[in-house]
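Colleague: Could you walk me through this one? I would like to start with the strands and then move on to the chain as a whole.

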Amino acid sequence: MDSQPNLDRFTSRRSTAYGTRGVVATSQPLAAQAGVDVLRDGGNAFDAAVATAATLNVVEPMSTGLGGDAFALYRTADGDVGAMRACGGAPEAATREAVRERAAERDDCAPADAEMPERGPLAVTVPGAPRGWEATVERFGRRPLSTVLEDAIHYATEGFPVSEVIASAWELCEPELRNDAAREQYLLDGERAPDVGETMRLPELGETLATLADEGAAPFYEGAIAEEIVDTVQSAGGFLDRSDLAAFEVEYPDPVSTTYGGATVYELPPNNQGLIALEALNVAEAVGVPETESEAERTHLLAEATKLAFTDGHRYITDPDYEEIPPLQSKQWAERRASEVGPEAIDDPEVGMLDSPAEDADTVLLTVADGEGNVVSFINSLFMGFGSGLVAGSTGLTLQNRGASFSLDADHPNRLEPGKRPFHTLIPGLVRFGADDWAAFGVMGGYMQPQGHVQVLSNLLDRGMLLQAALDEPRWRYQEDGTLATEARFDADVVSKLVRRGHEVTVDVPLQFGGAQIARWDDGTLSGATEPRKDGTVDVY
């Protein structure tokens, strides 16, 4: 008998989970439980979000961690709507010319032919997560960071059994562990990824989390851990310096929003891709998706709206400190773009997706709501699996490769510049269904994120689905090569009608269609749903 899990079958039925005091939804059961443990201990949704994120750093380490960036959208019990952005920029010494020369040396090519590396030291940007976690707890939470991190430290130190989807991802990422520290700390005996159900310990990461619990984020930006980060990057040929780390600060930008189907949808502003989701919703509204009864027509129109939004987003979205960005979230902008949507698929959008590895990036997403009305969508990532592939010395801290989204082309909208933040795929979501009805949601997975937002919201608002049903529905994905990928369980009649409209339809595996989570507070009633394509659960009480 084959004992390996079949990650492509969906044979279990899930229901929307309901509670009265707390709900946590994420991609791994131990992490969801860690969040609920903090809620039971007197913490609120913000404390639980950090507890969950920290535990995911341990139990899903290829996707997230202290060496990456973190973002949140939230609605507080007092009714405030806001955002937290803990996103680092390129090192100050990382000019295009300097990076091009070192990349050319690495690739043994002329500097003019060098491209921005996907992995390794040149792709490392300043990690924002340590200060983001600390700031979230201190500014919005109730429990000390030492308490919030207890479960994460426990699992790192004492061990945890590896779950099915995560075991598969860990194995695929084995070749991406680039330095000795990475292989020694994240492979069993330095040689292989853990199997399903096998216990894994990450003691070095446990010690680093304990340092964060005891001393806060300061050691990561100005202390001993900062030294290990810089030594690791510079010894491998990168530019990150102590001054880059010391200068980092958490930001609280105003969310951007639009309305759709009677709800208000909030996203993160640039440098994140939230404007893509908002523009796609506005175009979908303008072309009549909310009134469409045909599933084939609805899918066609949503896909076309997404294409146009990607075209605009990848032309204009970048760090707003370096370029002015037009109001892609406005209804007027969408009305102009909607005129290009017709009965046939747009054959060749003017601007395709960025030449970036974000098509298949890895991320974790978690959503939390508590009984008081705090609602938090929190997202954390190393970008690609195990990020740069570099672990900083003996810290267990894997450094992100978010700089891979930069371009060395001086005319590119996301061209590399010192201190600049890269185009960022991470977008937590927030939706207001009514005055006392709010949900934190999101769909992780590179460029799947905004189109996942569009599909989940359309399921909820256009089709009136319950939370879990909205996540269970088969998904489609507009891809970098212009094809429209669907899951194998997508309705065959709908697929046939899409082909007749000129879409080049392909089939891909479920894990390519994102990881959605949702937690809702509806006038005191809590509910949540979790991604069936992941290992996770909804934990409520």
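**A strand and its surroundings**

Modeller: Gladly. This is a predicted model. Nine of the nine residues of strand β10 (residues 375-383) are buried, so β10 is largely enclosed by the rest of the structure.

Colleague: Which residues of β10 point the other way from Val375, Ser377, Ile379, Ser381 and Phe383?

Modeller: In a regular strand, side chains alternate between the two faces of the sheet. Val375, Ser377, Ile379, Ser381 and Phe383 point one way from β10, and the residues on both sides are buried. Pointing the other way are Val376, Phe378, Asn380 and Leu382.

Colleague: Nice. And which residue of β10 is the bridge partner of Asp69?

Modeller: Strand β3 (residues 69-75) runs antiparallel to β10, and seven bridges join the two. Within β10, the bridge partner of Asp69 is Ser381.

Colleague: What about β9: which residue of β10 does Asp362 stand opposite?

Modeller: Strand β9 (residues 362-370) is also antiparallel to β10, with seven bridges joining them. The residue of β10 opposite Asp362 is Phe383.

Colleague: Which residue takes a positive phi in the hairpin of β9 and β10?

Modeller: Four residues lie between the two strands of that hairpin. The positive phi, near 110°, belongs to Gly373.

Colleague: Let's turn to a helix. What covers the buried residues of α6?

Modeller: Helix α6 spans residues 150-158, and its Asp151, Ala152, Ile153, Tyr155 and Ala156 are buried. After α6 comes Gly159, with a positive phi near 105°. The cover over the buried residues of α6 includes α1 (29-40), α2 (45-59), β5 (160-161), β6 (199-200) and α9 (203-215).

Colleague: Stepping back, what radius of gyration does the protein chain have?

Modeller: The secondary structure comes to 18 helices and 18 strands, and the C-alpha atoms fill a box of roughly 60 × 60 × 55 Å along the principal axes. For 541 residues, a compact globule would have a radius of gyration near 24 Å. The protein chain agrees with that, at 22 Å.

Colleague: How much of the accessible surface belongs to carbon and sulfur atoms?

Modeller: Buried residues make up 64% of the 541 residues. The accessible surface of the protein chain is about 19200 Å², and the share belonging to carbon and sulfur atoms is 42%.

Colleague: Last one: how far apart are the mean positions of the positive and negative charges?

Modeller: The protein chain holds 42 positive and 91 negative charges. Their mean positions are apart by 4 Å.

Terms used
Residues are numbered from 1 along each chain as its sequence is written. This is a predicted model: local features need pLDDT of at least 70, side-chain atom pairs count only at pLDDT 80 or more; totals for chains, interfaces and linings use all residues. Side-chain values use heavy atoms; hydrogens and water are left out. The radius of gyration is taken over C-alpha atoms; the globule rule is 2.2 Å times the number of residues to the power 0.38. Buried means under 20% relative accessible area, exposed over 50%, partly exposed in between (1.4 Å probe, protein chains only). Accessible areas come from the Shrake-Rupley method with a 1.4 Å probe; for residues, only the protein chains shown count as cover. Lys and Arg count as positive and Asp and Glu as negative; His and the chain ends are not counted. The place of a charge is taken as NZ of Lys, CZ of Arg, CG of Asp or CD of Glu. Contact means heavy atoms within 4.5 Å. Two strands pair if DSSP finds at least two bridges between them.
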